[in-house]
Amino acid sequence: IDASDVWTLFKLMDSDSGHQIDLEEFTSGCLRLSGGAKSLDLARLAYDHNYMVKRLGKFMARTDQAFSRLVGTKTGSECALADEHGAR
């Protein structure tokens, strides 16, 4: 592992995002990342994917709320249900 990868390694091992690595996180992280650069690269991709999924979910919720304020009180999911049943 290159010195520039230390922060990435820390984030990958800190599975609960508590900014500390306990013994369980360290051991499971080492086992998960054993095997060479490919394992580290895949773990990094999984971490980035999970991060973006969380951010996208928050963005979608905020967008749905803003849209609901613009068109009335129904949320996007309520509008979709109404459209499925032919009511508006």
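## Exercises on contacts, core and pocket

The count comes to one salt bridge, defined as a side-chain nitrogen of Lys or Arg within 4 Å of a carboxyl oxygen of Asp or Glu. The model is predicted: local features need pLDDT of at least 70, side-chain atom pairs count only at pLDDT 80 or more, and totals for chains, interfaces and linings use all residues. Residues are numbered from 1 along each chain as its sequence is written, and side-chain values use heavy atoms, with hydrogens and water left out.

**Exercise 1.** Classify the one aromatic pair in the structure.

*Solution.* 
1. Rings of Phe, Tyr and Trp (its six-membered ring) pair if their centres lie within 6.5 Å; planes under 30 degrees apart are stacked, over 60 edge-to-face, and the rest tilted.
2. Trp 7 and Phe 10 have ring centres 5.4 Å apart and planes at 15°, so the pair is stacked.
3. Both lie in helix H1 (residues 6-13), three residues apart.
4. Trp 7 is exposed at 53% relative accessible area, whereas Phe 10 is partly exposed at 22%.

**Exercise 2.** List the residues of the largest nonpolar core.

*Solution.* 
1. Such a core is a set of buried Ala, Val, Leu, Ile, Met, Phe, Trp, Tyr and Cys residues joined through side-chain atoms within 4.5 Å.
2. The five members are Leu 12, Met 13, Leu 33, Leu 40 and Ala 43.
3. H1 and helix H3 (37-71) are the elements that give two or more residues to this core.

**Exercise 3.** Describe the lining of the largest pocket.

*Solution.* 
1. A pocket is an open set of points on a 1 Å grid where a 1.4 Å probe fits, with protein on both sides within 12 Å along at least five of seven lines; lining residues have an atom within 4 Å of a point.
2. Of the 15 lining residues, Lys 11, Asp 14, Ser 15, Ser 17 and Tyr 47 are closest to the centre.
3. H3 gives the most to the lining, with six residues.

Notes:
Helices (H or I, at least four residues) and strands (E, at least two) are DSSP runs, numbered from the N terminus. Buried means under 20% relative accessible area, exposed over 50%, partly exposed in between (1.4 Å probe, protein chains only).
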